[in-house]
Amino acid sequence: MLDEAAIRKVDRSGIVRDLAALPDQLIRGLAIGGGLGPLAVGRRVTVVGMGGSAIAGEVLAAWLGAERGLPLAVVKDSVLPAWVGDGDLVVAVSYSGNTLETLAATREAVVRGCDLVGLSSGGTLGDLCRGRGYPFGSLPSGLQPRAAFGTLLGALAGLHDANVHGEVRQAAEIVRDLGKPLGPSVAAARNPAKKLAQKLRGRTPIVYATPTYAPVARRWQTELNEMAKVLAWASVLPEADHNELVGWDGDAAARRFAPVFLRDPAEAEDHARMMDATRDLIKRRTKIEEVRAKGPSLLSRMLSTVQLGDFTSVYLAVLRKVDPTPVAVIGKLKDRLAKT
Ligand code: PA5
């Protein structure tokens with residue numbers, strides 16, 4: 001079911017190759033962002049973007065916040081918070097360059113006198129930045145936004161200092177190695193992504209993480225949604241222990257769900273204790289999966305966990321016999337909103 005021929009047959013446009021290019025994309029993105037200069041250094045930075053474009057900002061923000069003490073806010077809305085203002089750096093990220101919410105927030109940033117940087121493969125955002133002389137990073141076109149994750153993250157990181165560049169470069173090489181067993185040519189028996197896809201088949205994944213890994217869990221959710229075309233959710237501990245846990249305890253439908261715990265070997269002791277305790281309670285109600293992040297640095301562990309989720313979602317699509325690339329319903333909604 002998950003041999004290379006079966007994958008090629010369902011994954012008609014070969015999106016699995018784009019996912020495998022994550023390390024190269026990170027390096028290419030760094031060159032794009034780095035070429036604009038260290039614009040984010042010493043600044044209050046707000047990234048505006050939606051969906052597959054925003055998630056790169058969210059993963060970077062979680063890592064920068066946890067390890068570098070650098071605050072980076074991500075706004076996924078057409079409305080900018082009131083605290084974004086004159087002198088702030090706003091980085092508008094839209095792979096297509098045409099997303100309504102991102103464009104509205106970007107125009108508002110211009111009105112408020114923010115410094116603006118644009119990242120897109122073209123579209124209206126490209127025109128706006130070029131037309132008004134704002135720095136603009138031009139991304140390679142022809143991908144699904146979610147398949148440009150590495151380029152987007154690299155470009156955003158490129159706006160930071162040389163230490164950040166160095167960490168991203170190092171993480172890219174670790175991810176390259178860790179990604180080898182996940183590829184389509186590796187048999188299911190030796191391929192953790194294929195094995196996990198088989199376990200998730202027919203169940204609704206709920207991906208659990210601690211706060212630093214929240215955007216990684218969210219990336220898993222969105223990849224499962226868009227690649228495999230299944231409902232899936234991400235949930236963050238400790239908050240979920242104060243509400244969602246009760247649902248696990250009382251809902252007769254618990255067995256339909258597949259909780260996936262994303263674990264970091266260096267997670268704080270209190271986080272480890274609550275993940276263990278929650279897992280043990282939930283596993284009385286349904287079968288759980290646990291993923292242990294790999295890599296010597298936090299960034300490499302976060303990115304390699306993203307990579308595992310990306311491959312798993314494509315293999316789940318193959319098992320479900322749905323082409324992972326098209327997301328027609330998002331296009332339909334965008335068309336309708338553009339007319340109103
Ligand atoms: O994955 C997708 O296709 C979506 O989540 C898009 O990323 C989202 O609609 C925003 O579009 P764009 O990334 O082109 O701004």
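Which strand does strand 1 (residues 45–48) pair with, and over how many bridges?

1. **Before you start.** This is a predicted model, in which local features need pLDDT of at least 70 and side-chain atom pairs count only at pLDDT 80 or more, while totals for chains, interfaces and linings use all residues. Residues are numbered from 1 along each chain as its sequence is written, and side-chain values use heavy atoms, with hydrogens and water left out.

2. **The sheet.** Strand 1 pairs with strand 3 (residues 89–93) in the parallel sense, over 4 bridges. Val 48 has Ala 92 of strand 3 as its bridge partner. Strands here are DSSP E runs of at least two residues, and helices are H or I runs of at least four, numbered from the N terminus; two strands pair if DSSP finds at least two bridges between them. The whole sheet is open, with 5 parallel-paired strands in the order 2-1-3-4-5. Strand 2 (72–75) and strand 5 (136–138) each have a single partner strand, so one side of each lacks a neighbour in the sheet.

3. **Helix 6.** Helix 6 (residues 123–132) packs on this sheet and touches strand 3, strand 4 (115–120) and strand 5; contact means heavy atoms within 4.5 Å. Leu 125, Gly 126, Leu 128 and Cys 129 of helix 6 are buried, where buried means under 20% relative accessible area, exposed over 50% and partly exposed in between (1.4 Å probe, protein chains only). The opposite face carries the exposed residues Asp 127, Arg 130 and Gly 131. The cover over the buried residues of helix 6 includes helix 5 (100–111). Just after helix 6, Gly 133 has a positive phi of about 80 degrees.

4. **The cores.** A nonpolar core is a set of buried Ala, Val, Leu, Ile, Met, Phe, Trp, Tyr and Cys residues joined through side-chain atoms within 4.5 Å. The largest one has 77 residues, and Val 91, Phe 149, Trp 220, Leu 262 and Leu 303 have the most contacts inside it. Helix 13 (residues 298–319) gives the largest share of this core, 13 residues. Another core, of 16 residues, lies apart from it and includes Val 75 and Ala 92.

5. **The cysteines.** How many disulfides does the structure hold? There are 0, a disulfide being a pair of cysteine sulfur atoms within 2.5 Å. For Cys 114, the nearest cysteine sulfur is that of Cys 129, 13 Å away. Cys 114 counts as buried at 4% relative accessibility, and Cys 129 counts as buried at 0%.

How values were computed: Axes are lines fitted to C-alpha atoms, for helices over the stretch in contact, and angles run from 0 to 180 degrees between N-to-C directions.
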